[in-house]
Amino acid sequence: MVSSLAAVVLGIALGLVLKTCFTIPALDHLYISFPGEILMRMLQMVTAPLIVTSVITGVSGLNVGTSRRIAVRAAVYFVSTTLMSVITGMILVLLIKPGVAYTADKSDTDEEEKFSTVDALLDLVRNMVPQNLVQACFQQYKTERMEFQLHTFEPNSSVETDAIEVRLVERYVEGANTLGLIVCSFIFGLTLKRMGDKGRVLVELLTILNGATKYVVNLIMCYLPVGVLFMIISHVIEVHDWDTTYKLGKFMAVVVIGLIIHGVIILPLVYFLWVRRNPWTVIKAVSPALLTAVLISSSSATLPLTLQCCEERNNIDRRVSRFMLPIGTNVNMDGTALYEVVAAVFIAQLNNINLDLSQLITLGVTAAVSSIGAAGIPATGAVTTLFVLTAMGLPAKEASILVVVEWVLDRCNTVVNVLGDCIGVALIDQLSKRELNEIR
């Protein structure tokens, strides 16, 4: 993380020097951006295997000795709160538009989005069931409405008229079909789980492949400072409008507001509505773990203290805390998911890309799944956002500027991640009193 920040500072300094003192031709600018392009290619290379193996091994490894009802409740809580955080971030970034200039004209865009909503939903379903899994790794299905001008003659007349006919053109476009890979991997993981011992060998193989992929990611992280350095230099040379700094400040505000809404309003409200107890007593009891999360910016490293706070200060049943917290630390990443979806839409807005409904839904699912695997990836914030952007086929060049604010926002994300785990453990413990007594 320190090396990445140093690369950002050095890249900004070198970029300003080159831009001020020299005239950089377009060809030389292309050469300067080359190391950053290599970084993006390496990230694209490992995106598909990382997502597929993470989903399959995660779903197939859900066998637990705890009560099935407790496991189902925990899974419902993890999925629902992650979706809530993604929706919160999506609504805020689409309303505030931190990456959009005020002078942009939105009338044509709104009309175009309304025009293609049905086709976008149908494409979403089609992409969930890809015809070819190999093709899904680099192409996705898209329907476009094309207008064709037809020359016709009036009935019983020789007068020629022009008519416009709208036709649906179906084709495959560049960009991984991430949603299709996730759905197929989820079904495949459930199938392996149902096979029991017969499918265990393949699960172990995929677990090894997942570990190998994460090891490759760690190797790529060694190159990260170099790639970020040249990406920043290239970006500084190219940028002529310095209101990007203002937009970055708005981006930070959107993320912080979203985290506050999710951590202070949504999570306590979920706890209160289900168990009719004061959620602030739970938050107060786990405050040492939250403080530690701010300082070290790692929910995994905070896990021992989180267990201690939940069991000793909140009197949570050990069977619930020992079952949920290790899983929640790796799966329930509400803050990270919110950050990633806001960052991805922010980058799209910076590039004047209008995301349709199917892209927004796919983006939300991709951000949620990427946040699940974030615990195994160092420097999660901006790096995981690069995975999301490359998986969506969005330009990720400007994502390097997120490293500037990541060290602040990543700590805020970690606090919300840990808070979501603690409230979830307290919630499931209260809802599962009868099952816990029966297991005794």
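## A nonpolar patch on the surface

Helix α4 (residues 68–96) supplies the largest share of a nonpolar surface patch, namely six residues. Helices (H or I, at least four residues) and strands (E, at least two) are DSSP runs, numbered from the N terminus. The patch is formed by V79, L83, I87, I91, L95, I96 and I257, and together these residues have about 630 Å² of accessible area. Patches consist of residues with over 30% relative accessible area and no salt bridge; like charges are joined within 9 Å, and nonpolar side chains (Val, Leu, Ile, Met, Phe, Trp, Tyr) within 5 Å. A salt bridge is a side-chain nitrogen of Lys or Arg within 4 Å of a carboxyl oxygen of Asp or Glu. Accessible areas come from the Shrake-Rupley method with a 1.4 Å probe, and for residues only the protein chains shown count as cover.

L83 belongs to helix α4. Because its relative accessibility is 44%, L83 counts as partly exposed. Buried means under 20% relative accessible area, exposed means over 50%, and partly exposed lies in between (1.4 Å probe, protein chains only).

## Basis and confidence of the model

This is a predicted model, in which local features need pLDDT of at least 70 and side-chain atom pairs count only at pLDDT 80 or more, while totals for chains, interfaces and linings use all residues. Residues are numbered from 1 along each chain as its sequence is written, and side-chain values use heavy atoms, with hydrogens and water left out.

The protein has an average pLDDT (the predictor's confidence in each residue, from 0 to 100) of 79, and 82% of the residues score at least 70. The pLDDT is below 50 over residues 102–116, a stretch with eight contacts in the model beyond near neighbours in sequence. A contact means heavy atoms within 4.5 Å. Residues 375–379 also have pLDDT under 50, and the model gives them twelve contacts beyond four places in sequence. Where pLDDT is low, the predicted coordinates should not be read in detail.

## Overall composition

The protein contains 19 helices and two strands. Of its 440 residues, 48% count as buried. The accessible surface comes to about 22000 Å², of which 64% belongs to carbon and sulfur atoms.

## The nonpolar cores

The largest nonpolar core has 57 residues, and F251, V342, F346, L363 and L402 have the most contacts inside it. Helix α15 (residues 334–350) gives the most to this core, with twelve residues. A nonpolar core is a set of buried Ala, Val, Leu, Ile, Met, Phe, Trp, Tyr and Cys residues joined through side-chain atoms within 4.5 Å.

Beyond four places in sequence, F251 touches P98, Y339, V342, A343, F346, L402, V405 and L409. A second, separate core of 33 residues includes V282, L303, I316 and C422.

## Individual residues

Q139 is placed in strand β1 (residues 139–153). With a relative accessibility of 17%, Q139 counts as buried. Leaving aside residues up to four places away in sequence, Q139 touches Y172, V173, E174, G175, A176 and N177.

K97, in the loop between α4 and α5, has a positive phi near 55° although K97 is not a glycine. At 32% relative accessibility, K97 counts as partly exposed. R276 lies in the loop between α10 (244–275) and α11, and R276 has a positive phi of about 55° without being a glycine. At 59% relative accessibility, R276 counts as exposed.
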